[in-house]
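User: I'm new to this structure and would like a close look at one part, the surface side chains. Please spell out the terms as you go.

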Amino acid sequence: MAKVHNLAYDYDEFEENAAAADRDIEHKKNTAEKGFFSIKFMIPCIIVGLLLCAMIYGKVQISGLCAEQTRLQHELTELEDNNTSLESELAQKTSMTKVEEYARNELGLVKLDKSQIEYVEVNNEAVANVIEHKDRSVFVRIKNWFVSVLEYIGL
C-alpha cells in the first residue's frame, strides 16, 4: 500500500537551480549570436568579397580585350581583302597588253620592227675610266685607309 504522508518540501533549491539554468541558456544564446557577427567572421567574409570583386573585374577586362581583339581581327581581314583586290586591279592595269594599248592609243607609239634596230660598235674596250684625284687632304686619306682596313677585315 502506498504511503501517504503530508510532509512539506523546500522548493527553493529547485527554483534557484532552474533560474541558474535559464540564465546559462540565455547566456549561451547571446554568445552564439555575437559569434556570428564577430570580427573573426567578418574579416574573412570581407576578404572573400574583395577577391570575388577582383575576379569579376578581371573577367570584365578580359571580356573587353577579347571584344577589341575580335574587332581588330575583323578590321585586319577586311583590310587584307581590300589589299588583295587593289593588287589585282594594279596587276590588270600594269599588264603588258594594257601598257602597249596605252602607248599605242594615247601616246601614238608603235613597236619597233627588227629592220629598224641598229647596232653600234665601240672600238675601245673600256668605256668609262675612273680618275683618282691626287689632291686629297690628310683626313680623306686617313678615312680611306680605315675603310680599306675594314674591307680587308670583312666588316
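Analyst: Let's start with how helices are named: helices (H or I, at least four residues) and strands (E, at least two) are DSSP runs, numbered from the N terminus. Before going further, note that this is a predicted model, where local features need pLDDT of at least 70 and side-chain atom pairs count only at pLDDT 80 or more, while totals for chains, interfaces and linings use all residues. Residues are numbered from 1 along each chain as its sequence is written, and side-chain values use heavy atoms, with hydrogens and water left out.

Take helix α4, which covers residues 138-153 and holds Y152. Y152 is exposed, at 77% relative accessible area; the cut-offs are under 20% for buried, over 50% for exposed, and partly exposed in between (1.4 Å probe, protein chains only).

Now for the charged side chains. A salt bridge means a side-chain nitrogen of Lys or Arg within 4 Å of a carboxyl oxygen of Asp or Glu, and searching the whole structure turns up 3 of them.

In one, R71 pairs with E75, N to O at 3.6 Å. These two sit 4 residues apart in helix α2 (residues 39-93), so about one helical turn separates them. E75 is partly exposed at 38%, and R71 is partly exposed too, at 47%.

Another joins E89 and K93, also 3.6 Å from N to O. Here again both residues belong to helix α2, 4 residues and about one turn apart. K93 is exposed at 57%, whereas E89 is partly exposed at 39%.

Then there is K111 with E100, whose closest N and O atoms are 3.4 Å apart. This pair links distant parts of the chain: E100 is in helix α3 (96-105), K111 is in the loop between α3 and α4, and 11 residues separate them. K111 is exposed at 62%, while E100, at 27%, is partly exposed.
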